[in-house]
Amino acid sequence: METSLNFHTPPFTHSLRTLVLMVASAAIGGTLQYGYNLAIMNAPTIFIQAFINETFQQRWDIQLLDYQVTLLWTIIVSIFSLGGLAGALIAGPMTIRFGRKNCLLLNNIFLMSGALFALTSRAARSFEMIIISRVLIGINAGISMNVQPMYFGESAPKNLRGAVSLSSAVFTAFGVVLGQVVGLREILGSESCWQYLLASNAIPGFIQLLSLPWFPESPRFLLIDRGDKEACINALRRLRGGEVQSSELDEILQEQDETRGLRPSRPWELLTDRSVRWQLISVVIISSAMQLCGNDSIYVYASYVFKEAGLSNDQIQYVTIGTGTCEFTACIMCVKHVGRRFMLMGGFLLMAIWAIVFTIALLLEHISWMPYLSMACIFTYILSFGMGPAGVTGVLPTEIFNQTARPAAYMVAGSMMWLNLFVVGMIFPFLVSGLREYCFVPFAVVCLSSALYISLFLPETKGKSLSAITQEFHKINFKGHDKIFESQTVYQQGQACLSTAF
């Protein structure tokens, strides 16, 4: 029978309420910002393009050509990804130095600075300030996309760890919907308010700054990285509603013993470590495919896509809200269902199918009802993305890497995600205008290739301990070797917890 480190046992509802509020506080200034800042850039497209043209005329008396305006607009949109790449690279060292919670709080410095640049850009007649703003906000998103899943995975109890980790994707999708609603012309998407729309991301940041300090740091970080057992127990008491099971503390203590004397891995060290070779390859491929499939670019360039589908300008702003709602609904439905491998493979296969159907619908656009089929394909494409890649990709490094390698793994995964988002963001409008009816064919190829890789090389992680997952990868990493290199297998976080988390 398990013992408790606290004689008082508050109701379970108190424990659950504390955890839910902590998740909401961290996510509202975290992954919600990623989805929100993707979505709000669609509504003011024509207004910011006109602002760029006017700025050039006033400064240098130059009338830009259409392709030049499009190029500058894509730079404004895509520079967000380069900021995200920088954020992903510094997230690992920041979490090690400051901790998970404090890293999220400090991250708001980039957000508030970016919001200030966006707010004052119009008065200063400077589109360069919008570019700086997008870089800073991208850094904020890059840090939060890496730190938040670690914070959640290390703070949640065994039976809720999977659902809490996957909630990052739910808040990302909610951020998309929120950004699309706020971007309506009736709210902040009008010509007179676009600068306020770009700066509105400061509001979730303020909410996080006011609420997150009241919640504890990651218990695992406090004990394993800081060696503060008392602080770890206090954090567990608060997160569990006053009761700390001895088995949970023993698990963290065991991990502390196994990792004692080991410093956190660096990204380049993962590249030379044979024991994590296929884990790293899997993270690189799946993180890249998450962006190369083109789903997130649809939110930024929704107007381009729906114009190709034959919709009028008045209809587009309302139809785009449906795209975010599809992903939000799919993420909620899939939080605790089926296996990771099945979700990823099935999601990519469905996306490939709908991309092919979308291409056929565009080729037959002269038929009166085909634009509606095109629109339906976009919704189902996003729905398929939300059912698999959106939720699982961010959780994967937590499940297949140990405590010392996890920050570096997230740095690699984040770097690949942001680099590929930048590439797709830069080429997407030109892809739509150049390939026209065939614009989704490259995305179909990416989705099919990703599904094939997952079916061949990625083991199922649902219901398995991290040590069991490591052993499955070990068979691939050391294929052809008779000797089992047990010393290569470092104790993985939550060895027993994942068998009950889903």
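At what angle do α15 and α24 pack, and how far apart are their axes? I started my notebook with this one: the angle is about 155°, and the axes are 10 Å apart. For the record, axes are lines fitted to C-alpha atoms, for helices over the stretch in contact, and angles run from 0 to 180 degrees between N-to-C directions.

**Ground rules**

I am working with a predicted model, where local features need pLDDT of at least 70, side-chain atom pairs count only at pLDDT 80 or more, and totals for chains, interfaces and linings use all residues. Residues are numbered from 1 along each chain as its sequence is written, and side-chain values use heavy atoms, with hydrogens and water left out. Helices (H or I, at least four residues) and strands (E, at least two) are DSSP runs, numbered from the N terminus.

Next I looked up helix α19 (residues 340-363) and helix α20 (residues 370-387), whose axes cross at roughly 165° and come within 8 Å. These two are therefore roughly antiparallel as well, and the crossing of α19 and α20 is left-handed.

**Aromatic rings**

How many aromatic pairs does the structure hold? I found 14, where rings of Phe, Tyr and Trp (its six-membered ring) pair if their centres lie within 6.5 Å. One of them, Trp-278 with Tyr-453, is stacked (planes under 30 degrees apart): the centres are 6.5 Å apart and the planes make 20°. This pair links distant parts of the chain, with Trp-278 in helix α15 (residues 277-292) and Tyr-453 in helix α24 (residues 441-457), 175 residues apart.

Tyr-453 also pairs with Phe-457, at 5.1 Å centre to centre and 35° between the planes. I filed that pair as tilted, the class left between stacked and edge-to-face, which is over 60 degrees. Because Tyr-453 and Phe-457 are four residues apart in helix α24, about one helical turn separates them.

Is Tyr-453 buried or exposed? Tyr-453 is buried, because its relative accessibility is 9%, and buried means under 20% relative accessible area (1.4 Å probe, protein chains only). Phe-457, at 29%, counts as partly exposed, which lies between buried and exposed (over 50%).

I also wrote down one aromatic cluster, formed by Phe-358, Tyr-381, Phe-440 and Phe-443.

**Cysteines**

I counted zero disulfides, taking a disulfide as a pair of cysteine sulfur atoms within 2.5 Å. Cys-293 is buried at 0% relative accessibility, and Cys-326 is buried at 18%.

**Record check**

UniProt, in an unreviewed entry, lists "transmembrane region" at several spans, including 408-432 and 438-458; its positions are given in the numbering used here, feature names are shortened, and annotations may be inferred rather than shown by experiment. In the model, residues 408-432 are 100% helix and 0% strand, with end C-alpha atoms 36 Å apart. Residues 438-458 are 81% helix and 0% strand, with end C-alpha atoms 30 Å apart.

Leu-104 sits in helix α5 (residues 100-106) and is buried, with a relative accessible area of 1%. Leu-104 and Asn-140 are 36 residues apart in sequence, and their C-alpha atoms are 8.9 Å apart in space.

How values were computed. Angles under 35 degrees count as roughly parallel, over 145 as roughly antiparallel, 65 to 115 as roughly perpendicular and the rest as oblique. A crossing is left-handed if the near helix is turned anticlockwise from the far one by less than a right angle, and right-handed if clockwise.
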